[in-house]
Amino acid sequence: MMTGRFPVESFQQIDTPFYYYDLDLLRHTLGIIADYAPEPNFHVHYALKACAVPEVLREIVSAGLGADCVSGGEIRAALEAGVPAGRIVFAGVAKADWEIALALDSDILCFNVESVEELEVISNMAAGRGKTARVCLRVNPDIDAHTHQNITTGLADNKFGIQMSDLQRAIEVCCLLPNIEFLGLHFHIGSQITDMQPFRNLCMRINTLVEQTEQSGVIVRHINVGGGLGINYEHPNHIPVADFEAYFNVFRRMLNLRPEQTLHFELGRSVVAPCGSLITRVLYVKQGKEKQFAIVDAGMTDLIRPALYNAFHRIENISNNGPVDETYDVVGPICESSDVFVRNFSMAVAHRGDLLAIRSAGAYGEIMASQYNLRRLPGHITSDNIGKLKKK
Ligand SMILES: *Cc1c(COP(=O)(O)O)cnc(C)c1O
């Protein structure tokens, strides 16, 4: 599937900056996920924190994915989008009481619990409702995902999860607490992982931990391997879909999964990142001492990943089909030096008024937008509703 063709004419009618979601690419991606993970005991939960735009969620829900939520707000959004409560899992290192209450009252599938302290709170709140909370314990597997330090989560010194050395005790606490039902183990080692080796290492660690747990007489029914599959930010047109085949094959081949066990995935970025672009207009082209700046009307308030993680997003001048032979720093209007999308980047020559597409921005893009500088939040439009725009 080739992507990268934008309805530039229709874009002229929309105030910039805005997000554009290519729902055809999203549906294509969801089809590929279904193709490579057809097993009935594989359950894919979409991580809402990557993007919770209702039009996007609707497609994901129609494809039958469950939801991975990290807040009460996300549980609400998942339920509103039509995700059955029985397909919602709830993670988070610090769940507030109202969020636990909402999850219990909604009868979600499972809490991914990160400490013994949290187990006790959940058990008490469940007892008050005459319910039993189903839980997986989030284990910190001490696996290096070889990704950016701000998005690695499975190393021993991260705040996330229960240390392996404390797992046995946490499982005992689960078994002692009257309103807790232990379902299994949860892991999440980081994000934007494109090398399969960390996932292989994770499988080996899980096999050992499941075996140890079951030797102590406790059955592990759920194994949740979290998310983290990366996408290709360099070549959004040629590689528009993450390598789901390699990813699912790792788990299929390496995990000792019994037929009655279920395997849960929590994919965020790999589902939605490629389908979103931030569309922005060039306000000024400014000649610096040694550099040329393309100053655009989008900033780090609309897409913070470059400023926050030094992330790369490919940028295309979609108003100019000419040769890619000019070099720019593409920067935003915010009063922060980190408000830079890309440095020394080659694009077709840019003029005031041109539209640029900042690609692969569907995940951790619009959802992270802020109003810093009292800016307006970016809006969005999808490939499905762009045709219905009225002419200005
Ligand atoms: C963020 C997160 C995910 C999704 O990660 P991606 O890298 O977007 O796939 C999955 N599980 C948990 C617990 C998370 O915090």
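Two salt bridges turn up across the interface of domain 1 and domain 2, a salt bridge being a side-chain nitrogen of Lys or Arg within 4 Å of a carboxyl oxygen of Asp or Glu. By this rule the count comes to 15 salt bridges. This is a predicted model, where local features need pLDDT of at least 70, side-chain atom pairs count only at pLDDT 80 or more, and totals for chains, interfaces and linings use all residues. Numbering runs from 1 along each chain as its sequence is written, and side-chain values use heavy atoms, with hydrogens and water left out.

**The two domains**

- Domain 1 covers 2–19 + 274–388 and domain 2 covers 23–271, with bounds from an automatic or database domain assignment.
- Their centres, taken over C-alpha atoms, sit 32 Å apart.
- The contact (heavy atoms within 4.5 Å) takes 25 residues from domain 1 and 25 residues from domain 2.

**What gets buried**

- Between them, the domains bury about 2400 Å², with 57% of it on carbon and sulfur atoms; buried area is the accessible area (1.4 Å probe) that two parts lose on being put together, summed over both.
- On the domain 1 side, Pro 274, Tyr 309 and Tyr 364 lose the most area to domain 2, together 26% of what that side buries.

**A salt bridge and its partners**

- Glu 234 and Arg 314 pair up through their side chains in a salt bridge (3.6 Å, N to O).

**The Arg 27 network**

- Salt bridges link Asp 24, Arg 27, Glu 59 and Asp 384 in a network.
- Arg 27 bridges to Asp 24, with the closest N and O atoms 2.9 Å apart; both lie in helix H2 (residues 23–36), three residues apart, about one turn of the helix. Helices (H or I, at least four residues) and strands (E, at least two) are DSSP runs, numbered from the N terminus.
- Arg 27 also bridges to Asp 384, again with the closest N and O atoms 2.9 Å apart. That pair links distant parts of the chain, 357 residues apart, with Asp 384 in the segment after E17.
- Arg 27 is partly exposed at 31% relative accessible area, and Asp 384 is partly exposed at 35% (buried means under 20%, exposed over 50%, partly exposed in between; 1.4 Å probe, protein chains only).

**A buried pair**

- Arg 359 forms a salt bridge with Glu 316, the closest N and O atoms being 2.9 Å apart.
- Arg 359 sits in the loop between strand E16 (355–358) and E17, and Glu 316 in strand E13 (residues 315–317), so the bridge ties together parts 43 residues apart in sequence.
- Arg 359 is buried at 3% relative accessibility, and Glu 316 is buried at 19%.
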